[in-house]
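Look at the fold below and follow how its parts are arranged. A short report comes after it.

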Amino acid sequence: MHKEIFKRNRANLLERVEENSLVILFSGKAPKKTADEKYQYTPNRNFYYLTGIAEEELVLVLSKINGKCSEKLFIKTPNPEMERWVGKTIRKNEAEELSAIENIGY
């Protein structure tokens, strides 16, 4: 999907949110199968619908305060040592490219 779709989805949601409100969405986490194995991960559908990102343990915060809407995406801090074992995590530039969210933090 194109990032403009996700941007429009967020704008549509924020139009319907009451003034002085927050929307907080979590991408989710795959449940453990055994001590070192997880079931296949599927992102929270609402999170994916608004960001286009399918990665575990991310958080999207949308706000509508005094008529001003804002959005922030929290990603995991890259850990090169862990990435050797569990795979690469999304970087700020990749998250911005996929979601069209400019305000990204850890």
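The report covers the sheet, the helix packing and the pocket of this predicted model.

## The sheet

Strands of a sheet pair through backbone hydrogen bonds, and the pairing is either parallel or antiparallel. Here four strands form an open sheet in the order S1-S4-S5-S6, and the pairing is mixed. Strand S1 (21-26) and strand S6 (104-105) are at the edges with a single partner strand each, so one side of each has no neighbour in the sheet.

S1 and strand S4 (residues 59-65) run antiparallel and are joined by six bridges. Val23 has Leu62 in S4 as its bridge partner. Helix H1 packs on the sheet, where it touches S1, S4 and strand S5 (68-74). The direction of H1 makes about 45 degrees with that of S4.

## Two helices in contact

Helix H1 (residues 3-16) also packs against helix H4 (residues 92-99), at an angle of about 75 degrees and with the axes 6 Å apart. The two helices are therefore roughly perpendicular to each other.

On the H1 side the contact is made by Lys3, Phe6 and Arg10, and on the H4 side by Glu97, Leu98 and Ser99. Two of the contact residues are nonpolar, one is polar and three are charged.

## The largest pocket

The volume of the largest pocket is about 520 Å³. It is lined by 21 residues, and the closest to its centre are Lys38, Glu56, Lys76, Val86 and Gly87. Strand S3 (37-38) and helix H3 (80-86) are the elements that give two or more residues to the lining. H3 supplies the largest share, three residues.

By residue type, the lining of the largest pocket has six nonpolar, five polar and 10 charged residues.

Notes: Residues numbered from 1 in each chain as written. Predicted model: local features only at pLDDT ≥ 70, side-chain atom pairs only at ≥ 80, totals over all residues. Heavy atoms only, no water. Axes fitted to C-alpha atoms, helices over the stretch in contact; angles between N-to-C directions. Parallel < 35°, antiparallel > 145°, perpendicular 65-115°, else oblique. Contact = heavy atoms within 4.5 Å. Nonpolar A, V, L, I, M, F, W, Y, C, P; charged D, E, K, R; others polar. 1 Å grid on protein atoms, 1.4 Å probe; cavity = no way out; pocket = protein on both sides within 12 Å on 5 of 7 lines; lining within 4 Å. Points joined across faces, edges and corners; volume = space filled by probe spheres on them. Pairing = 2+ DSSP bridges.
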